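User: I would like a close look at one part of this model. Please keep it short and clear.

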Amino acid sequence: MSTFRTTIERLALPLGLPLLILLGLGGCFENSRIARNVGVDNNGGFELGSPGKPTNWNVYHKGLRGKKAELLLDREEFREGTQSLKFVVTSCESRGGWESPGVFQEVDVEPNSMYRVSYWLKNNQCRFHVNVNSIKEGAPRQAVQVLSEAGVGEEWAEYSSLCSTKDGETQIRFELNITGPGILWLDGVVVQEVEGN
Ligand SMILES: [Ca+2]
């Protein structure tokens, strides 16, 4: 079972750094919808926490200041458990990173292994992106964008990416960043090793 290790925003994308959309560069590839039951490892189901503070998740608080964006736990719209994470954004920075509303989580994994990162999304007009990448402690991090608003509709759907870890890579990072106003729900984030690789 993976364990969650909290970090602060030390690994946040530097302001203005272009997102790397180079599938394969970070060992991550494939983006697809799948349908299966999901768990709540690492509070990936957002069953724990309070508004603005989902347990075990790092929050880009700067993007939430000034009441222009709210981070809520929604007990009416959810995909698993009893609640989901809900962004309500009336305005925000469009550059992404720590100045825009967002959350991220870093999950401990084994090197030289294959993992599937899956999650449920429902979107109402937000511009956003999801990054999934493996991490080696002390090494520069390459954000790998695996999904954007272009591929997400207004009904709940599950999305997933495969992410392989190389020598010394001991964490997988999941990040969701809002770059344009709207409402977005996230639920059921799971990092699971793919057997037989
Ligand atoms: Ca949930």
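User: Which residues have the most contacts inside the largest nonpolar core?

Analyst: This is a predicted model. The residues with the most contacts inside its largest nonpolar core are Phe87, Val132, Ile172, Leu184 and Leu186. That core has 37 residues.

Where do they come from? Several strands give two or more residues to the core. Among them are strand 5 (69–74), strand 6 (84–89), strand 7 (102–108) and strand 8 (114–124). Strand 9, strand 12 (169–180) and strand 13 (182–193) also belong to that list. Strand 13 gives the most, with 7 residues. In general, nonpolar side chains tend to be buried together in soluble globular proteins.

Now take Ile172. Leaving aside residues up to four places away in sequence, Ile172 touches Val107, Val109, Tyr115, Val117, Val132, Ser134, Cys163 and Val191. One of these, Val132, is also on the list of residues with the most core contacts.

Next, look at Ile135. It sits in strand 9, which covers residues 127–136. Ile135 counts as buried because it has 23 C-beta neighbours inside 10 Å, and the cut-off is 20 or more. Asp108 is 27 residues from Ile135 along the chain, yet their C-alpha atoms are separated by 9.5 Å.

Finally, step back to the chain. It has 0 helices and 13 strands. Buried residues make up 43% of its 197 residues. Of the contacts between residues at least 6 apart in sequence, 78% join residues at least 24 apart.

Definitions and conventions: Residues are numbered from 1 along each chain as its sequence is written. This is a predicted model: local features need pLDDT of at least 70, side-chain atom pairs count only at pLDDT 80 or more; totals for chains, interfaces and linings use all residues. Helices (H or I, at least four residues) and strands (E, at least two) are DSSP runs, numbered from the N terminus. A residue is buried if 20 or more other C-beta atoms lie within 10 Å of its own, exposed if 12 or fewer, and partly exposed in between; C-beta atoms are placed from the backbone. A nonpolar core is a set of buried Ala, Val, Leu, Ile, Met, Phe, Trp, Tyr and Cys residues joined through C-beta atoms within 7 Å. Two residues are in contact if their C-beta atoms, placed from the backbone, lie within 7 Å.
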